[in-house]
Amino acid sequence: DILLQLVKIHDLKVVHQNNQQYVNQSIAEIGEILGVAYVLKGSVTKEGDNLKVRAQLFRTTENEESVWRSEWEKPYAQMFEIQKQVSVNIATEMQATITEEEVASLSERPTNSISAYDLYLKGREHYSRLTDESNADAKNLYLEALKIDPNFIEAHAGLSDVYGQIAQRSHLKKPWIDSALY
C-alpha cells in the first residue's frame, strides 16, 4: 500500500502498473511508456514478526542506475508507520513538495486492527488472481476483516469488488448486481 500512500502526495504522478508486463524492458522504456520521470521498484516481505521493505528509485534518463535505494525493517505491528516513513522518504528523494495536510493524511490508518488489515491484504492478493476459487477466498477474508472492524472501509470496498466480479461472471444476474452495490 505504499503506492496508495504516494498517491496522497499531489506533487507526485503515481502510475501503478503490473511490473510483469515490463520484465523485458529497460527503465527508460518503462518511463517513456508510462510518461513518468521515475520508476520505483521494491518489495515488501514479512519475516517472522518483522516487515522488511526494500525500495529503489530510478530516474528514467539514468541508464538503469538507481538514484536512491533504502531498506527498512521494523516490527509488523508498525506497518502503518513504515508505510508513512517510506512514502515520505521516496517523495523527499523525488524533491516533491509535501504539505502538512498530506503528512497528516499519510498518518491516517485505514483500521486500528493489524489483524483486520492483514486479512484485507490477503483478500486483495486472492482477489487479484481472478479465479472463482480465489474470489471466494477473497470474499471470506474481507468478511473476516469486517468482523474485526466493521468500519474498515477498504474491506467493504474489497467485498464490493468481489461481488462485482461475481456479477460479471454470472452475466449480471440481479442478486449479484445488488450485492455489488453493497
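## Helix α2 and the sheet

In this predicted model, helix α2, which spans residues 27-34, lies across β1 and β2 and runs at about 105° to β1. Gly 31 is found in this helix α2, and with a relative accessible area of 4% it counts as buried, because that value falls under the 20% limit. Not counting residues up to four places away in sequence, Gly 31 touches Val 36, Val 39 and Thr 60. Gly 31 and Thr 61 are 30 residues apart in sequence, while their C-alpha atoms are 8.3 Å apart in space.

The sheet itself is open and is formed by three strands in the order β1-β2-β3, with antiparallel pairing. Its edge strands are β1 (38-47) and β3, each of which pairs on one side only. Averaged over the sheet, and with direction ignored, neighbouring strands are turned by 10° against each other. The antiparallel pairing of β2 and β3 extends over nine bridges, and Trp 68 in β3 is the bridge partner of Leu 57.

## Helix α3 and its partners

Helix α3 lies across β1, β2 and β3, and runs at about 165° to β3. Helix α3 (residues 79-93) also packs with helix α4 (residues 100-107), at an angle of about 145° and with the two axes 9 Å apart. On the α3 side the contact is made by Lys 84, Ser 87 and Val 88, and on the α4 side by Val 103, Leu 106 and Ser 107. By residue type, the contact of α3 with α4 divides into three nonpolar, two polar and one charged.

In soluble globular proteins, nonpolar side chains tend to be buried together. The largest nonpolar core here has 36 residues, of which Ile 9, Val 86 and Phe 152 touch the most other members. Two or more residues are given to this core by each of α1 (2-7), β2 (50-59), β3 (66-75), α3, α5 (114-127), α6 and α7 (153-169). The largest share, six residues, comes from α3.

Leaving aside its neighbours within four places in sequence, Val 86 is in contact with Ile 2, Val 53 and Trp 72. There is also a second, separate core of seven residues, which includes Ile 27, Leu 34, Val 36 and Val 39.

## Ser 134 in helix α6

Ser 134 has its place in helix α6, which covers residues 132-148. With a relative accessible area of 4%, Ser 134 lies under the 20% limit and is therefore classed as buried. When its neighbours within four places in sequence are left aside, Ser 134 is in contact with His 126, Tyr 127 and Arg 129.

## Confidence of the model

The mean pLDDT of the protein chain is 84, and 90% of its residues reach 70 or more. Among the elements of the chain, confidence is highest in α6, at a mean of 94, and lowest in helix α8 (residues 174-180), at a mean of 53. The placement of Ser 134 within helix α6 thus concerns the element with the highest confidence, whereas the value for α8 falls below the pLDDT of at least 70 that local features need in this account.

Definitions and conventions
Residues are numbered from 1 along each chain as its sequence is written. This is a predicted model: local features need pLDDT of at least 70, side-chain atom pairs count only at pLDDT 80 or more; totals for chains, interfaces and linings use all residues. Side-chain values use heavy atoms; hydrogens and water are left out. Helices (H or I, at least four residues) and strands (E, at least two) are DSSP runs, numbered from the N terminus. Buried means under 20% relative accessible area, exposed over 50%, partly exposed in between (1.4 Å probe, protein chains only). Contact means heavy atoms within 4.5 Å. Axes are lines fitted to C-alpha atoms, for helices over the stretch in contact, and angles run from 0 to 180 degrees between N-to-C directions. Ala, Val, Leu, Ile, Met, Phe, Trp, Tyr, Cys and Pro count as nonpolar, Asp, Glu, Lys and Arg as charged, and the others, Gly among them, as polar. A nonpolar core is a set of buried Ala, Val, Leu, Ile, Met, Phe, Trp, Tyr and Cys residues joined through side-chain atoms within 4.5 Å. pLDDT is the predictor's confidence in each residue, from 0 to 100. Two strands pair if DSSP finds at least two bridges between them.
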